[in-house]
Amino acid sequence: MEAIISKAAGLALMILAGYGLKRLGVFRQEDAKVLSRIVINLTLPAALIGSFKTFRFDAGFLVLILIAAAGNLAMFFAGLWLSRKRDAPTQALYALNASSYNIGCFVLPFAQSFLPAEALIGLSMFDAGNCPFNSGLSYTLVAARAGGEQARPGFVLGRLARSVPFMTYLILMLLSVLNIRLPEFVYQTAATVGGANTFLAMLMIGVLFDLQVEREDRKQLTEILVLRYAGSLAMCVLIWLLPLPLLIRQVSVLAMLAPIPSVSMVFCEKCGCKPSLYGVANSLSLAVSLCLTFPMLILLQL
């Protein structure tokens, strides 16, 4: 228990360091984009490659794709239903912020510190079911309703093809199925680079923190966050009661508590949603997810 609390405290200090450095003027809010690019395009793919050194393909992990897709669809349509009597941009705001999970920059660093290496593969499998929604599927489903672009399958496929973590995972999975091993120095180099992933991701989370809420936005923000996390916790309980392997249940529960991905803000902007609403919703979800994830990690270790 002492080791678990120590790890959690270390991650919290990294986040506080990012926030403190931003308050001191060392970092700006915009710098989080640079950190995000490093994490998504370099350290996260490296961490995945390093975790594949001891990985053996298990078809049981495929259920995580279905869990991720089901969770996204359930929360997406719950957001539409809750906002059904409001205008199209507001409906888009609720649907886009109720669904999708920030796996790469949030959940993976925690799993990297607390769970076995196989958990990274499980989360990548979950993200395979989550990635289409993060990459534009949710946006295309509300675009016509909000007066934006028409739904285009090519848009989603193009975003997936340009996702470095997703393509890294896809290639590694193919190599694993074919029983092809990479040279040892590749795993060693990847492990060294991937070791920085947790620190950079936690630092980025601290830089992103911004919790200034306008009075007129409070009701909608509360509704979105209550919907997202009440739904997520309900799904966590349901998944935990299913007769699934422990690691799959652990991975699913952590993933369901993830915050709103930052790309959702891009899609909200395209749908004409109010910037102060979707910007603060993103930061608040980060705070709520942190408050839920730390105790959940301790419970999962008991």
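How are helices H2 and H10 oriented to each other, roughly parallel or roughly antiparallel? The two helices are roughly antiparallel, where that label needs an angle over 145 degrees, roughly parallel one under 35, roughly perpendicular one of 65 to 115, and oblique covers the rest. The model is predicted, and local features are taken at pLDDT of at least 70, side-chain atom pairs at pLDDT 80 or more, and totals for chains, interfaces and linings from all residues. Residues are numbered from 1 along each chain as its sequence is written, and side-chain values use heavy atoms, with hydrogens and water left out.

The protein has 14 helices and zero strands; helices (H or I, at least four residues) and strands (E, at least two) are DSSP runs numbered from the N terminus. Of the 302 residues, 52% are buried, that is, under 20% relative accessible area with a 1.4 Å probe and protein chains only; exposed means over 50%, and partly exposed lies in between. Among contacts (heavy atoms within 4.5 Å) between residues at least 6 apart in sequence, 84% join residues at least 24 apart.

The packing of H2 (residues 31-51) against H10 (residues 197-208) has an angle of about 155 degrees, and the axes are 9 Å apart. Axes here are lines fitted to C-alpha atoms, for helices over the stretch in contact, and angles run from 0 to 180 degrees between N-to-C directions. The crossing of H2 past H10 is left-handed, meaning that the near helix is turned anticlockwise from the far one by less than a right angle; clockwise would be right-handed. On the H2 side, the contact residues include Leu35, Ile38, Val39 and Leu44. On the H10 side, Leu200, Leu203, Met204 and Val207 are among them.

Four aromatic pairs are found in the whole structure; rings of Phe, Tyr and Trp (its six-membered ring) pair if their centres lie within 6.5 Å, with planes under 30 degrees apart stacked, over 60 edge-to-face and the rest tilted. One of the pairs is Tyr101 with Phe126, edge-to-face at 5.8 Å centre to centre and 70 degrees between the planes. This pair links distant parts of the chain, 25 residues apart: Tyr101 is in the loop between helix H4 (88-98) and helix H5 (103-114), and Phe126 is in helix H6 (residues 118-143). Both Tyr101 and Phe126 are buried.

Within H5, Phe106 and Phe110 are four residues apart, about one turn of the helix. Their rings form a tilted pair, 5.1 Å centre to centre with 55 degrees between the planes. Phe106 and Phe110 are both buried, and together with Phe294 they form one aromatic cluster.

A ring also meets a charge at Trp81, where the charged end of Arg84 sits over the ring, 4.1 Å from its centre. The criterion is NZ of Lys or CZ of Arg within 6 Å of the ring centre and within 35 degrees of the ring normal.

Ser100, in the loop between H4 and H5, has a positive phi near 75 degrees without being a glycine. Ser100 is buried, with a relative accessible area of 2%. Asn179, in the loop between helix H8 (164-177) and helix H9 (184-194), also is not a glycine and has a positive phi of about 60 degrees. Asn179 counts as exposed, at 63% relative accessibility.
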